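Okay, everyone, let's get going. Have a look at the screen while I talk you through this one.

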Amino acid sequence: FNSVENQVIENYIGNQNMEMQVSETGLYYEILHERSSITTGFGKHIKIRYHGGVLKKNSDHITTTQDFYIGQELQVIKAIEEVVLLMEQGDSATIISSSTLAFGEKGSSTGLIPGASPVIYGVRLLECD
C-alpha cells in the first residue's frame, strides 16, 4: 500500500502514543474485549455503531449505526469488515487504515473522505446473529 499514507498513519500512532496491532493487510487495530461468547463469521448478520473519518484534525466525521452481512460486497469498507471478524458481540475497536482498505483513490461517494486518505474509526459490535 501507499508508503506516504503508511508514514502518516505511523506518525499519528506515534504522536498519540497508541499501541496497535497490524494485520497482514496493513490494518492497524486495537480491540477492547467484553468477554462475550457470541462470535462473528462470514454470512453472519452484524449490527455495528461506528464513528470516525479522515485521519487528521478537524476533518468531517460521521457517526452511524449499520446492519450488514459479513462477506457481502459494498456493505462497509474492508477495514471495518476485517476488524469485525476479529471481534465478539459487545467488543469495541479502534482501527486506522490506508485508503486501500477504505475508500481507495476515488474517495467516498459522499465526498466526506477524499481519495487516497487514511481513515480512523471507532467500532462497537452491537449484535451478531
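Which residue in β4 does glycine 53 stand opposite? It's histidine 61.

Quick word on where this comes from: it's a predicted model, where local features need pLDDT of at least 70, side-chain atom pairs count only at pLDDT 80 or more, and totals for chains, interfaces and linings use all residues. Residues are numbered from 1 along each chain as its sequence is written, and side-chain values use heavy atoms, with hydrogens and water left out.

When I say helix or strand, I mean a DSSP run (H or I and at least four residues for helices, E and at least two for strands), numbered from the N terminus.

So, back to the strands. β3 and β4 run antiparallel, joined by 9 bridges. β3 and β6 are antiparallel too, also with 9 bridges. Two strands count as paired if DSSP finds at least two bridges between them. Across from tyrosine 50 you'll find valine 123 in β6.

Is β3 largely enclosed or open? It's largely enclosed by the rest of the structure, because 7 of its 10 residues are buried. Buried means under 20% relative accessible area, exposed is over 50%, and partly exposed is in between (1.4 Å probe, protein chains only).

Next, the largest pocket. Its volume is about 490 Å³. There are 23 lining residues, and Val76, Ile77, Lys78, Ala102 and Phe103 lie nearest the centre. β4 (61-69) and α2 (78-84) are the elements giving two or more residues to that lining, and α2 gives the most, with 3. A pocket here is worked out on a 1 Å grid over the protein atoms alone: an open set of points where a 1.4 Å probe fits, with protein on both sides within 12 Å along at least five of seven lines, and lining residues have an atom within 4 Å of a point. The volume is the space filled by probe spheres set on the points, which are joined across faces, edges and corners.

Now serine 99, in the loop between β5 (92-97) and β6. Serine 99 counts as buried because its relative accessibility is 2%. Leaving out residues up to four places away in sequence, serine 99 touches Glu5, Gly104, Glu105, Ala116, Ser117 and Pro118. Touching, or contact, means heavy atoms within 4.5 Å.

Last stop, backbone angles. Most residues other than glycine have a negative phi. Asparagine 17, in the loop between α1 and β1 (21-22), has a positive phi of about 55 degrees. Leucine 74, in the loop between β4 and α2, has one of about 60 degrees. Asparagine 17 is exposed because its relative accessibility is 69%, and leucine 74 is exposed as well, at 83%.
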